[in-house]
Amino acid sequence: MHIVLLALSLILVAAGSGILARFMPRLPLPILQIAIGALLAWLNTPLNINLEPETFMLLFVPPLLFADAWQFPQRELTSLRHPIIALAVGLVLFTVVGAGFLIHWLLPNLPLAVCFALAAILSPTDAVAVSAISGRLGVPPRLMHILEGESLMNDASALVSLKFAVAAAMTGAFSFGQVSLQFALITLVGVSVGVALAFLFSTIRRKLIDKRGTESSTEILLVMLMIPFAAYLIAEHLEGSGILAAVAAGITINRTELKRYAQTRTRMQMNHFWEILTFLLNAMVFLLLGLQLPDIIGGAIEVSLNNARSFSLAELVFYVVVISLALMLLRFFWIMGAVYLSRLSSRRRRSAHVPLSSGIMAVGTLAGIRGTITLAAALSLPLALPSGEAFPGRELVIFLATGVILFTLLLGSVTLPLLLRRMDKPDDSWRDEEARSARHAASLAAIEAIESWYHDAQARHDSELERSVLTETSARMISYYRNLMTINDKRSSSERHEYDQRFSREMRLTAIRAERREYYRLRSIHQIDDDTLRRLVRELDLVEMALTPRTRR
């Protein structure tokens with residue numbers, strides 16, 4: 001009963017933090033949630049939970065990575081694969097080695113394997129936090145796609161690196177050759193499990209559900225919810241990477257979903273469900289961090305390494321700042337090196353090189369904000385060694401990871417908006433052209449479908465009135481799409497056309513809301529029943545959702 005009440009309370013607090021964030025748009029949501037958690041802990045509320053490391057990792061990491069992989073745009077993942085891989089794999093290894101030795105130099109009494117584990121924990125970035133901080137200013141789309149792809153891929157590479165570092169700390173042995181072979185093996189097993197489960201889900205959906213003629217969206221959604229957990233558990237049981245399995249499953253399902261374009265209801269429910277779930281999981285991670293923050297600080301101050309003296313809070317903060325700045329420098333040097341190698345490659349191939357401004361490089365460097373995965377990885381550290389002794393410096397590692405998260409969030413929330421305001425807005429004219437071309441092709445397909453449907457319907461109806469109405473209706477619909485094609489082919493986004501589109505949408509939304517109010521009024525005076533009300537309101541809700549642009553948090 002205690003666990004149920006605790007879970008319900010955390011969900012309520014998570015929802016309240018989202019509502020409160022709308023009144024404080026300049027404060028990043030993760031910082032607000034950490035502050036709320038710390039306040040609740042300071043007030044000695046019963047909202048506290050101690051999850052086992054394995055449970056914490058299973059509960060939060062697979063669904064978050066799966067959702068990110070499933071929603072990531074596939075075209076950008078392919079076209080930007082080189083910079084994404086360079087950041088997601090190369091930069092992670094560079095960070096683990098560089099930051100690991102730096103941490104060991106700062107804290108010589110902390111075992112080197114634990115230092116590498118902390119560096120691995122700190123290597124993944126959080127693109128969601130960058131998006132929340134940038135707000136309405138927005139990061140240039142190409143850079144944002146790179147950051148999102150990096151955040152998706154480096155989670156897997158960082159957590160795999162952490163697995164090896166923890167294994168070295170637990171056993172006291174490390175062999176580069178053996179680790180390289182084992183890394184390739186667990187990668188192959190993890191990716192294979194994720195892809196296989198995703199294809200199995202797609203096959204079952206196609207053969208056992210789609211042929212029934214109904215969408216069965218609720219059942220599909222429940223099965224899909226189980227995929228990241230199943231992929232993670234099966235891959236870990238086969239001694240592969242459960243993280244890579246969850247990511248591979250998400251990417252594969254994204255590709256197979258391209259064939260499900262007709263299942264509107266299922267698609268809408270999936271989008272809404274995963275949006276709610278990812279918000280809830282992210283919120284609960286940061287709330288749990290805030291709730292445990294007093295214990296984390298106290299544990300780090302009291303810890304002593306190999307009978308050395310304990311740390312003061314000022315020393316711990318100093319270590320956090322030094323490590324955070326070192327992570328930024330490592331990221332900056334890696335980006336500089338990647339740009340230099342790109343220029344050399346362009347010269348050798350005599351191809352055009354896409355220039356990278358200093359502003360973009362600065363944003364890319366400061367966008368290395370740590371977030372949910374870093375915290376989840378830190379809290380997933382084992383509690384004890386195989387000998388039964390406490391894992392060396394666990395409280396210190398969690399404190400330093402927490403401090404780096406807070407420092408990078410605060411630094412990013414101050415510097416990123418300043419940099420983005422000074423940057424020229426990116427040229428998005430190609431997006432308008434791409435959308436115009438797609439609308440033109442869609443209108444042609446719609447006209448062809450209407451004409452085919454019209455001829456089939458004419459053959460099925462013998463009544464003169466039915467044939468007349470069919471002709472008028474099809475002519476009106478074809479005229480609508482031809483007018484739409486004419487507007488799109490003008491290629492000029494004139495103010496008059498923009499105003500026409502905006503005012504038409506606003507008028508339609510005003511009319512829909514008036515219709516909905518009238519339906520509820522009719523229900524209140526018992527002229528229609530609840531079933532009729534729900535059916536009519538659902539129709540309006542779907543149209544309103546189509547007319548209302550979605551905004552990303």
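Predicted model: local features only at pLDDT ≥ 70, side-chain atom pairs only at ≥ 80, totals over all residues.
Q: At what angle do α5 and α6 pack?
A: Start with the spacing: the axes of α5 and α6 are 8 Å apart.

Q: How many charged residues does the contact of α5 with α6 have?
A: On the α5 side, the contact includes T95, V96, F101 and H104. On the α6 side, L112, C115 and F116 are among the residues that take part. Sorted by class, the contact has eleven nonpolar residues and three polar ones, and the number of charged residues is none: no charged.

Q: Are α6 and α8 roughly parallel or roughly antiparallel to each other?
A: Let's look at the axes of α6 (residues 112–122) and α8 (residues 141–171), which come within 8 Å. They cross at roughly 165°. Angles over 145 degrees count as roughly antiparallel, so the answer for α6 and α8 is roughly antiparallel.

Q: Is the crossing of α6 and α8 left-handed or right-handed?
A: Here α6 brings in residues including A113, F116 and I121, and they meet a set in α8 that includes A158, L162 and A169. The residues of this contact divide into twelve nonpolar, one polar and no charged. As for the hand, the crossing of α6 and α8 is left-handed.

Q: Which residue forms an aromatic pair with F101?
A: The structure holds seven aromatic pairs. In the one with F101, the rings sit 5.3 Å centre to centre with 90° between the planes, so it passes the 60 degrees cut-off for edge-to-face. F101 lies in α5 (residues 81–106) and its partner lies in α6, so the pair ties together parts that are 15 residues apart in sequence. The partner is F116.

Q: Does F101 count as buried, partly exposed or exposed?
A: The relative accessibility of F101 is 46%. Buried means under 20% and exposed means over 50%, so F101 counts as partly exposed.

Q: Which residues do ring pairs link into a cluster with F273 and W274?
A: F273 and W274 form an edge-to-face pair. Ring pairs also bring two other residues into the cluster: F66 and W70.

How values were computed:
Residues numbered from 1 in each chain as written. Heavy atoms only, no water. Axes fitted to C-alpha atoms, helices over the stretch in contact; angles between N-to-C directions. Helix = DSSP H or I, 4+ residues; strand = E, 2+ residues; numbered from the N terminus. Parallel < 35°, antiparallel > 145°, perpendicular 65-115°, else oblique. Left-handed = near helix turned anticlockwise from the far one by under 90°. Contact = heavy atoms within 4.5 Å. Nonpolar A, V, L, I, M, F, W, Y, C, P; charged D, E, K, R; others polar. Phe/Tyr/Trp six-rings, centres within 6.5 Å; stacked < 30°, edge-to-face > 60°. Buried < 20%, exposed > 50% of the residue type's maximum accessible area, 1.4 Å probe, protein only.
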